Amino acid sequence: YLCSPTDLISAEGNIEHDTASVKVHCTDGLTLDIVASCAGEMKTRKITIVGEKAVAVLDETLEENKLSITVNGSLYRPTIIAAEPLQNEIDHFIHCIQTGSVPLTDVHFGYRLTKWLATISERIHRI
């Protein structure tokens, strides 16, 4: 899910070379904290979703317990079957070729994502 560029209320933070730390606010109430960096030795692929009733954390670098959900102080670790993300993408691409279905990350998705990131960058550099 990405709010569209027209639904961005504000974006503030810092983008330099190969690192970014950005807070994005959308009209639907969604707030995103994005931290991305190519610097450093440790590979991190982690997403944290904080809602009104629960927090979910997906850490793709873990071998086990990749997903944890905390609801009212209680921790749940559902069993998920997950392969390496790149392998998932390759398998999905092959499936789309074999079945003629549209990939989840087709050219339209790429365009929307690029437009969204460009809008965030423009708003940050205006400040």
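This is a predicted model: local features need pLDDT of at least 70, side-chain atom pairs count only at pLDDT 80 or more; totals for chains, interfaces and linings use all residues.
**Exercise 1.** Work out in what order the strands of the three-strand sheet stand, and which of them are at the edges.

Solution. 
1. The order is β1-β2-β3; the sheet is open and its pairing is antiparallel.
2. β1 (8-16) and β3 (31-37) each have a single partner strand, so one side of each is left without a neighbour in the sheet. These two strands therefore stand at the edges.
3. On average, neighbouring strands here are turned by 10° against each other, direction ignored.

**Exercise 2.** Describe the four-strand sheet: its order, its pairing and its edge strands.

Solution. 
1. The sheet is open, with the order β4-β5-β6-β7 and antiparallel pairing.
2. β4 (46-50) and β7 (74-76) pair on one side only, which makes them the edge strands.
3. Neighbouring strands of this sheet are turned by 15° against each other on average, again with direction ignored.

**Exercise 3.** Find how many bridges join β6 to β7, and name the bridge partner of Ile69.

Solution. 
1. β6 spans residues 67-71; three bridges join β6 to β7.
2. β6 and β7 run antiparallel.
3. Ile69 has Tyr76, in β7, as its bridge partner.

Definitions and conventions:
Residues are numbered from 1 along each chain as its sequence is written. Side-chain values use heavy atoms; hydrogens and water are left out. Two strands pair if DSSP finds at least two bridges between them. Axes are lines fitted to C-alpha atoms, for helices over the stretch in contact, and angles run from 0 to 180 degrees between N-to-C directions.
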